[in-house]
Amino acid sequence: MTRELSIDQARRIALAAQGFNDPRPTGRVDMRHLRRVLGRVGLFQIDSVNVLVRAHYMPLFSRLGPYPRELLDAAVYKRRELFETWSHEACLVPCERWPLIRSRLDEGLSWHTRWARANGDYTDAVLQEIEQKGPLAAGELEDPGERSGPWWGNGKGSRALNWHFQQGNVGIAQRPNFTRVYDLIENLIPHHYHSQPTPSHDDTCAALLLLAAESHGVGTTKDLADYYRLPILPARQHLAELAEAGELEEVHVEGWRDKAYLHPKAILPRRVDARALLSPFDPVVWERDRTERLFDFHYRIEIYVPAPKRKYGYYVLPFLLGNRLVGRVDLKADREASRLLVQGAYHEEGEDAEEVAASLATELTSMADWLGLDSVVVKRRGNLTSALRAAAQRV
């Protein structure tokens, strides 16, 4: 008989799987804490938007509180515990996952492939230049070409390097000012991972679905396939096989139309006492339909929506309190004036504004300190701003 989970139970399972049942450190945050979070979430998404802070730094702050951002930089670019690759999107992924990632590279993004084939001599020469000279940015190539696009650079050097990155020939050695510096992938992945055999596509899909289930706790086929951007039809077949083999449990979640799968390591805490601002690129809110099913919280990122048509703002972070998403804030780091700007603040219908504001003000103050900003400034847009402004003055 299929086990039934209430939506409240599913929320607690999901948040515990994402690390929100783990206590925040009371002292210095170190690599042990980073590894603990990484073990929960599995990967950190990278995004170029820097209106607040780069996206890959936020999941650690959401779960640990203030921590030195150089800790993550060192884990990636010095200790080589993580590497940049395409996974959910552009992400930081543990180096131990390299064999699984390598297995999927020919399934990944392919917009440069036709160009690379048509310009094979140049593409080969770019790789040879890195082999001979060592790490290089696109602009440091002997013949980088002219940049023809506003984002990431679309000169022929960038195209060739992006194609080699997609193929797993090169990786990112450094990120000075967010500029990609490329090196041969074998120089970036520790040998004991790089030398492992590449699993079959079927084994890779099954393994990634199990990892997704562990990070989600409980999820539908769509939820779990989305975590590592796997094709939905083979994912459905693999999940059925994993359930048949007892590696996942098929369950029904209250209010969910589709069947769900529960990971055997999932825990159901009695309560979750979380307090966290979530990046738009946090795994908790990646799959917007899942966010709505789990939290009854409609969320869309509005960066690309024209300003007059935005409902909540440019860079809006959901606010997690307990096991509910209770509000959202449009944030901006005004680095020149050393202020954390709350452009807009909203509480969800039915939530107590004073309670939400008190907890949110504490978290915003912590974030400002973490970012090296001197103050929190609350503007007047949204139904929470009056209560939040008063609460911020008391922190």
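Select helix 10 (residues 201–216) and helix 12 (residues 232–244) in this predicted model; their axes come within 10 Å and cross at roughly 70°. Axes here are lines fitted to C-alpha atoms, for helices over the stretch in contact, with angles running from 0 to 180 degrees between N-to-C directions. Helix 10 is therefore roughly perpendicular to helix 12 (angles under 35 degrees count as roughly parallel, over 145 as roughly antiparallel, 65 to 115 as roughly perpendicular and the rest as oblique). Helices (H or I, at least four residues) and strands (E, at least two) are DSSP runs, numbered from the N terminus.

Next, display the side chains at this crossing. Asp202, Cys205, Ala206, Leu209 and Leu210 of helix 10 meet Ala235, His238, Leu239 and Leu242 of helix 12, where contact means heavy atoms within 4.5 Å. These residues divide into 7 nonpolar, 1 polar and 1 charged; Ala, Val, Leu, Ile, Met, Phe, Trp, Tyr, Cys and Pro count as nonpolar, Asp, Glu, Lys and Arg as charged, and the others, Gly among them, as polar.

Residues are numbered from 1 along each chain as its sequence is written. In this predicted model, local features need pLDDT of at least 70 and side-chain atom pairs count only at pLDDT 80 or more, while totals for chains, interfaces and linings use all residues; side-chain values use heavy atoms, with hydrogens and water left out.

Proceed to helix 13 (288–295). Of its 8 residues, 6 are buried, so helix 13 is largely enclosed by the rest of the structure. Buried means under 20% relative accessible area, exposed over 50%, and partly exposed in between (1.4 Å probe, protein chains only). The buried residues are Arg288, Arg290, Thr291, Arg293, Leu294 and Phe295. Their cover includes helix 1 (7–17), helix 10, strand 8 (218–220), helix 11 (221–227), strand 12 (316–322) and strand 13 (324–334). Just after helix 13, Asp296 takes a positive phi of about 50°.

Now select Ser279, in the loop between strand 11 (274–277) and helix 13. Ser279 is buried, at 1% relative accessible area. Its side chain reaches the backbone nitrogen of Phe281 at 2.9 Å. Setting aside neighbours within four places in sequence, Ser279 is in contact with Ala55, Met58, Val285, Tyr315 and Leu317.

Ser62 is buried, with a relative accessible area of 1%. A polar atom of the Ser62 side chain lies 2.5 Å from the backbone oxygen of Leu277. Beyond four places in sequence, the contacts of Ser62 are Phe20, Arg24, Ala276, Leu277, Leu278 and Asp282.

Finally, turn to the charged pairs. The structure holds 29 salt bridges, each a side-chain nitrogen of Lys or Arg within 4 Å of a carboxyl oxygen of Asp or Glu. Select Arg32 and Asp30, whose closest N and O atoms are 2.7 Å apart; Arg32 is exposed at 59% relative accessibility, whereas Asp30 is buried at 13%. Lys133 and Glu142 form another salt bridge, at 3.1 Å from N to O. Lys133 is partly exposed, at 45%, and Glu142 is exposed, at 63%. The last pair to select is Lys259 with Glu250, a salt bridge at 3.9 Å from N to O. Lys259 is partly exposed at 43%, as is Glu250 at 34%. Elsewhere, salt bridges that share partners join Asp223, Asp289, Arg290 and Arg293 into one network.

How values were computed
Polar contact = N/O pair within 3.5 Å; in protein donor to acceptor, adjacent residues only side chain to side chain.
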